[in-house]
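Hi everyone, thanks for coming.

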Amino acid sequence: MEHISEILTTALSRYRLAQDTSMTQIWDIWEEALEKEIAANAKPDAFKDGILMVNVSSSAWMHQLRFLEAGIVQNINKKLGRPMIKQIRFKIGKILG
C-alpha cells in the first residue's frame, strides 16, 4: 500500500507547478515539525521563492512566532531534508485543518 500523500505528490507534480508540490510537502510535515500548540494556531497558506506565508490565529501568536521564526525555518527544512524555506511571513488569517 502507498500513502495518499505520495500518490497526491506524484499526481500533482504532473499537473501543477513545482512550488505547489513544495507546498504539499510542507503541509505533510507541518504538525511534526512544530510544537503542538504552535501547529494548532498557525498553518501554512502559500509558498513562493523560498518564502512561506503562514496564517496565524491572532496578533499575539503573530508576535510570538516572529521571535521563533529562525527555529521554525530550521525545523521545517530539516524535516524536508533540504533548505527549501528561507523566510516566513506571518499574517492573521483563517486556520484550517
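**Starting from Val54**

By contact I mean heavy atoms within 4.5 Å. Val54 lies in strand S2, and strands here are DSSP runs of E with at least two residues, while helices are runs of H or I with at least four, all numbered from the N terminus. Is Val54 buried or exposed? Val54 counts as buried, because its relative accessibility is 0%. The cut-offs are these: buried is under 20% relative accessible area, exposed is over 50%, and partly exposed is in between, using a 1.4 Å probe and protein chains only. One of the contacts, Ala42, is twelve residues from Val54 along the chain, and their C-alpha atoms are separated by 6.3 Å.

Before going on, a word about what you're looking at. This is a predicted model, so local features need pLDDT of at least 70, side-chain atom pairs count only at pLDDT 80 or more, and totals for chains, interfaces and linings use all residues. Residues are numbered from 1 along each chain as its sequence is written, and side-chain values use heavy atoms, with hydrogens and water left out.

pLDDT, by the way, is the predictor's confidence in each residue, from 0 to 100. For this protein chain the mean is 86, and 80% of the residues reach 70 or more. Which element has the lowest mean pLDDT? That's helix H1, residues 4–15, with 62, whereas S3 has the highest, 97. Where pLDDT is low, the predicted coordinates should not be read in detail.

**The overall layout**

The protein chain has four helices and three strands. Of the 97 residues, 36% are buried. And if you take the contacts with a separation of 6 or more, 56% of them are between residues 24 or more positions apart.

**The sheet**

Now the strands. They make an open sheet of three in the order S1-S2-S3, and the pairing is mixed. Strand S1 (42–48) and strand S3 (87–92) are the edge strands, each pairing on one side only. On average, neighbouring strands are turned by 25° against each other, ignoring direction. Pairing here requires that DSSP finds at least two bridges between two strands.

So what does "mixed" look like? S1 and S2 run antiparallel and are joined by six bridges; in that pair, Phe47 stands opposite Leu52 in S2. S2, residues 51–56, pairs with S3 in the parallel sense, over six bridges. Ile51 sits opposite Gln87 in S3, and Met53 has Arg89 in S3 as its bridge partner.

The connection from S1 to S2 is worth a look. These two strands form a hairpin with two residues between them. Asp49 is in that loop, and although Asp49 is not a glycine, its phi is positive, about 50°. Most residues other than glycine have a negative phi. Asp49 is exposed, because its relative accessible area is 62%.

Look at Phe90, which is in strand S3. Leaving out neighbours within four places in sequence, Phe90 is in contact with Val54, Val56, Met62, Leu65, Arg66, Glu69 and Ile72. Phe90 is buried, because its relative accessible area is 11%. Glu69 is 21 residues away in sequence, and the C-alpha to C-alpha distance from Phe90 is 9.3 Å.

**One last residue**

Finally, Asn41, found in helix H3 (residues 36–41). Asn41 is buried, with a relative accessible area of 18%. What does the side chain of Asn41 make a polar contact with? The partner is the side chain of Trp61, at 3.4 Å. A polar contact is a pair of N or O atoms within 3.5 Å; within protein, one must be able to donate a hydrogen and the other to accept it, and residues adjacent in sequence count only if both atoms are side-chain atoms. Not counting residues up to four places away in sequence, Asn41 touches Asn55, Val56, Ser57, Trp61 and Ile95.

Key. Axes are lines fitted to C-alpha atoms, for helices over the stretch in contact, and angles run from 0 to 180 degrees between N-to-C directions.
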